[in-house]
Amino acid sequence: MSIRVLFFASIADLARAREMSVEPEGDGFTVGALRRRLEKDIPRLAGKLGKCAAAVNQAVVGAEAGLKNGDEVAFLPPVSGGTA
Amino acid sequence: MTRVGPEPISAEAALRAVADPACGGVAVFLGVVRDADAGRKVTAIEYEAYPDMARGVLDGIERDLRKAHPVKGVVLEHRTGRLAVGEASVVVAVSSPHRAEAFAACREGIERIKAELPVWKKEFGRGGAVWKEEKALRPARRRRKTRVSPRKAR
């Protein structure tokens, strides 16, 4: 078991991957720590993941949210929104 | 009824799905691919979704619309894949006894889809393709157990 990470849109293009798996770094591993680790391991993502919302198991969470084996973490870029 | 996927959107099918003998008002909104954006010619748009989450978000919006408005039929659909100018990417259709509630629920449905749905668009046009990433995705509203009074239509 590990953490399943999903990328979309411009982030998937930059990462050249839509999905990867990450081993959590012990207890207390958080979304923020995962974000920092991905930006370090994939230099093209440096400075990019902070602009994304993060969803754990499909619910948007903050950087302090804890992660455990089996979680699905998606980095969600800003959306178009459009003009009402 | 909600759907996220590559199937073409049919306004007629959505209208049939929300038809109800108790409803005198039916409102439908179609979002359609435009031929230009901020002065740049657009030839197509590709929509990419986080499908499982997007379905959950649409289901949550449907539940909230039903709580907040006296609607009978609700259809919320977003298409994915590459669409040409003029093709519909999103449809919201609602039916209610009277028109005011139908307009209000339809408007609320599309505004929430635009802000909360994890679907991204890549515009194809002169100079290549660009992802349109402009507004931070808004977390889906937390559903409260105690919401009893309908929200005012905005």
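How many nonpolar, polar and charged residues does the lining of the largest cavity have? By class, this lining has five nonpolar, three polar and two charged residues; Ala, Val, Leu, Ile, Met, Phe, Trp, Tyr, Cys and Pro count as nonpolar, Asp, Glu, Lys and Arg as charged, and the others, Gly among them, as polar.

This is a predicted model, in which local features need pLDDT of at least 70 and side-chain atom pairs count only at pLDDT 80 or more, while totals for chains, interfaces and linings use all residues. Residues are numbered from 1 along each chain as its sequence is written, chains are lettered from A and ligands numbered from 1 in the order in which they are written, and side-chain values use heavy atoms, with hydrogens and water left out.

**The sheet of chain B**

Chain B holds an open sheet of four strands in the order E1-E5-E7-E2, with mixed pairing. Helices (H or I, at least four residues) and strands (E, at least two) are DSSP runs, numbered from the N terminus, and two strands pair if DSSP finds at least two bridges between them. Strands E1 (2–5) and E2 (25–32) of chain B stand at the edges with a single partner strand each, so one side of each is left without a neighbour in the sheet. On average, neighbouring strands are turned by 5° against each other, direction ignored.

E5 (residues 73–79) and E7 (residues 88–96) of chain B pair in the antiparallel sense over six bridges. Gly73(B) stands opposite Ser95(B) in E7(B). Two helices of chain B pack on the sheet, touching its strands (contact: heavy atoms within 4.5 Å). Angles run from 0 to 180 degrees between N-to-C directions, and axes are lines fitted to C-alpha atoms, for helices over the stretch in contact.

| H2(B), residues 51–68 | E1(B), E5(B) | about 155° with E5(B) |

**Pocket and cavity**

On a 1 Å grid over the protein atoms alone, a cavity is a set of points where a 1.4 Å probe fits but cannot get out, and a pocket is an open set with protein on both sides within 12 Å along at least five of seven lines; lining residues have an atom within 4 Å of a point. Grid points are joined across faces, edges and corners, and a volume is the space filled by probe spheres set on the points.

The largest pocket holds about 530 Å³ of space. Among its 26 lining residues, Gly81(A), Gly82(A), Thr83(A), Arg34(B) and Lys114(B) are the closest to its centre. H3(B) gives the most to this lining, with five residues.

The largest cavity has a volume of about 140 Å³. Its lining includes Ser80(A), Tyr47(B) and His78(B), and H3 and E8 of chain B are the elements that give two or more residues to it.
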